[in-house]
Amino acid sequence: MDRTVVISGLGTVCGLGVGVASLWDGLCAGRTALRRIQRFDPSGFSTRLGSEARDFSGARDWVPKSYRKAVKVMARDIELAVCAAKCAVEDAGLVTRGTLPDDSTAGTTYAGSRMGCQIGAGLIAAEADELTAALATAATPDLKLDHSAWGSARGGKGAMNNLPPLWLLKYLPNMLACHVTIIHGAEGPSNTITCAEASGLLSIGESVRVIQRGDADLCFSGGAEAPINPMRLLRWEIIGRLAPTGDEDDGSRLVRPFDPASRGSLLGEAGGIVILEDRESAAKRGARVYAQVAGFGAAHSSPGDMIGDAGSGMDDGFQFAIENALADAGLSAGDIDAIVPHALGVPAVDAGEAGALRAVFGPRLEAIPIVTISPNVGDALAGNGGLAAAVASKCLAEQRLPARVHAGTPANGLQAGASESRPARLRHILVASGAIGGQNAALILRAC
Amino acid sequence: MGRRVVITGMGWVTPLGHDVASVWQRLLRGESGVGPITRFDATTYSTNFAAEVRDYRVEDFIQRPEAHRHAGLNSRFALGAAAQAWKQAGLDRFTGLNRRRMGIYLGAGEGQLDFDPFVATNLASWKADTRAINTVKWAEEAHRRLAGNREIEQEPNMALSHLAAQFGCRGPASNCLTACAASTQAIGEAFELIRHGDAEAMFAGGSHSMIHPLGITGFIRLTALSSRSDSCLTAARPFDQTRDGFVMGEGSGMLVLEALDHALARGGKPLAEIVGYGSSADAFRITDIQPEGKGAQASMTQALRQAGLDPRKTDAADRPLVHYISAHGTGTQENDKIETAAVRAVFGSLAPRIPVSSVKSMFGHLIAAAGAVELITCVQAILTGYLPPTMNLATPDPECDLDYVPNKARDERARGVDLCLSNSFGFGGQNDTLAVRRFTA
């Protein structure tokens, strides 16, 4: 018989602040972090708004002193993951190698081998300044790389040596998990799922299975991504995901989930890591528990175009993932009291999600409150799943729904329009997400 | 506990060819897939050679190749390997497959940059005086030079998307990218999904090419690559005292995994059974392997435990229970020494009696795809009774003192090869081991 898994720690860093309290308070107050991008001059893009984690100055303050020099080989995605993991550990009241004085391992809550780590990541963009500084030393007049000058052997000038020796390690997606395992001494199963926006939830689903089958008692799980950079902005703009900014300086007026008139989504940077724990182990240490994992499911969508937008207005993979999660939980659609969907504000994607939700929930869908966070913190891609799971956990623990920000009108009577935060009786919450390639994941949490 | 999981189909696209049977013969002959890099001008690179996939055309393997016309190399390799596995499994002739119960778990790498337009975009917007990109100019250049369909294909989940589209899989789908351990981990997690009942069948494997300027550059800067440009055919020399790094390879390995009852019910033929999977993290340093190989020990130990095997025991004929280990065996000083120590720590005095070899000496290192092609060699060893050699092992290293099947394939048909382990260890300390056994009903 599978073991039961609970959520016992929440760690988030996003535009609404560092730590889950700032995220929850911000959502309940209806705040948005979608403002003009400050990290670089975005005026060459038609989308110039995004959610930056401005309260987060870097990983330096979130790692043991002895580990500070490693921060220089961390892309911002990695830094967000490291911070979120530390927040989650503190929130869970855990003692790990990362919370003890340097090089001490006495008194850790768990043995290293009993802690796993599944952290989703995106395709990390190389920092353009660092790379181009090197490329510029081996450039041809027609803006190509002069390979003969780049190499250092057989007459080459060795321009590639202008890249730091550990350059590659800064951008490998598995480095989010690797740094977290090193800092906290997690020696159990460790994985890095890279399925765009579904990465975080798929990682949580995998952690659940790892704990259920007994391969670990605790897992760091979720994801992080830092998409506020020119490369990601460019890619998402040219595939038509982003809302053009126009004269707007408040992004929450642009991102309108499930509104056919929404102009698109906006990007946000975030790390969301939750601590998943075997229920009995958590009880034994007297852990505070936010929620229990009731079920998980995943599925792949039929191909629309390769970008994964369901052309038909019905995303079958999103539907199948939810149905698989319900079956795994032994629940029916009628047991779900609230839904945290991806709810991007991209009409074609939202229509696919809404169609799938209607296929699962039928006419009752209009009666189920929907929790949206994209008008507040944007689309954090691999960072989404951990954030969404943290928000759902808070909803269950507080028996409250956060406010919804919405500047328009959602279609088909969906409960996704603007509303104040309110108390609610919540037993089961569904968290679900698709991905730009067509992967889908669904997680059902239960109040404790 | 848990359902039995069998392999019913295998396929690969490798530097030595693109079908399992003929490439297996080349491996047993000790042939090398290594040669000068042809994809770009690497003349002055301190490593100017690699094991490239040659003469591969995706349209030789799939119908409707036009549906994948924008696909990057990873996806193209994956499609060809998956088509072979699909066919061997007999799924091309089976009409009753419940697509919602067939998933995909890959360890596919990030795609390749659209290199020349990418470089031009950066250089055109570079301000030498401030040593920074002018992002306004960058955006203007990028909008002109970069194309959406070539950019999106660089996402690491695109191989999944192409396979799902081609084969109609609607079950659970994930891609993991744990560096050099990725496809071993993908197969392990696919195995666990089937055991748990999340799917009846899975495509599992990996696909990767880092034979591009920044891929080679990144590993040169890490001093991880062999630089024996004068003798590149013998540059990949795992466990040899003179080894100086790995040789970059590329390609894809793909397997069809099925719940045993599912395979038998449709008349599928099990090729071998997956009986154990172990995953661990070194939690040590991002640049170095834990010196005793504790992480590698943990992944091997866990896979053996799940397989119900005691590594210190022998059978009635006094033969160790593990008949072959496909080593991670990259050919770096550090990996081979520590992997050897880890095998010794797990198997104790039996370790020197277990054949251990590294096909990276012939294939090069397929990075994320390495584990999948290496698991296929384990299944081939079980099916044929031959062990592939570690080539280029001329100078024994006192710190690498196991039986590496040096330089010549071994005929084990008399005793048979029944149980193999396959190791994969990733940069950053993620370790994975699979245990695969001869199928017996």
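1. In what sense do S15(B) and strand S16 of chain B pair, and over how many bridges? The pairing is antiparallel, with 8 bridges, and S16(B) covers residues 430-437. The hairpin of S15(B) and S16(B) leaves 3 residues between the strands. There, B:Gly428 has a positive phi near 100°. Note that this is a predicted model.

2. S15(B) also pairs with strand S11 of chain B, residues 324-326. These two strands run parallel and are joined by 3 bridges. B:Ile325 has B:Leu421 as its bridge partner in S15(B).

3. Is S15(B) mostly covered or uncovered? It is mostly covered: of the 8 residues in 419-426, 8 are buried. B:Leu419, B:Leu421, B:Asn423 and B:Phe425 point one way. B:Cys420, B:Ser422, B:Ser424 and B:Gly426 point the other way. Both sets are buried.

4. Turn to chain A. Strands S3, S4 and S8 make an open sheet, in the order S3-S4-S8, with mixed pairing. S3 (34-36) and S8 (267-268) of chain A are the edge strands; each has a single partner strand, so one side of each lacks a neighbour in the sheet. S3(A) and S4(A), residues 49-51, run antiparallel and share 3 bridges. A:Arg36 sits opposite A:Leu49 of S4(A).

5. Helix H2 of chain A spans residues 76-92, 17 residues in total. From first C-alpha to last it reaches 24 Å, close to the 24 Å expected at 1.5 Å a residue. Why is H2(A) described as largely enclosed by the rest of the structure? Because 16 of its 17 residues are buried. A:Gly93 follows H2(A), with a positive phi near 70°.

6. In chain A, domain 1 is 5-125 + 171-447 and domain 2 is 128-166. Their C-alpha centres are 38 Å apart. In chain B, domain 1 is 5-112 + 154-437 and domain 2 is 115-150. Here the C-alpha centres lie 37 Å apart.

7. The contact between the chains involves 81 residues of chain A and 78 of chain B. On the chain B side, 39 are nonpolar, 26 polar and 13 charged.

8. A word on confidence. Chain A has an average pLDDT of 96, and 98% of the residues score at least 70. Residues 306-310 of chain A stay under 50, although the model gives them 20 contacts beyond four places in sequence. Where pLDDT is low, predicted coordinates should not be read in detail.

How values were computed
Residues are numbered from 1 along each chain as its sequence is written. Chains are lettered from A and ligands numbered from 1 in the order in which they are written. This is a predicted model: local features need pLDDT of at least 70, side-chain atom pairs count only at pLDDT 80 or more; totals for chains, interfaces and linings use all residues. Helices (H or I, at least four residues) and strands (E, at least two) are DSSP runs, numbered from the N terminus. The expected span of a helix is 1.5 Å times one less than its number of residues. A residue is buried if 20 or more other C-beta atoms lie within 10 Å of its own, exposed if 12 or fewer, and partly exposed in between; C-beta atoms are placed from the backbone. Two residues are in contact if their C-beta atoms, placed from the backbone, lie within 7 Å. Ala, Val, Leu, Ile, Met, Phe, Trp, Tyr, Cys and Pro count as nonpolar, Asp, Glu, Lys and Arg as charged, and the others, Gly among them, as polar. Two strands pair if DSSP finds at least two bridges between them. Domain bounds come from an automatic or database domain assignment. pLDDT is the predictor's confidence in each residue, from 0 to 100.
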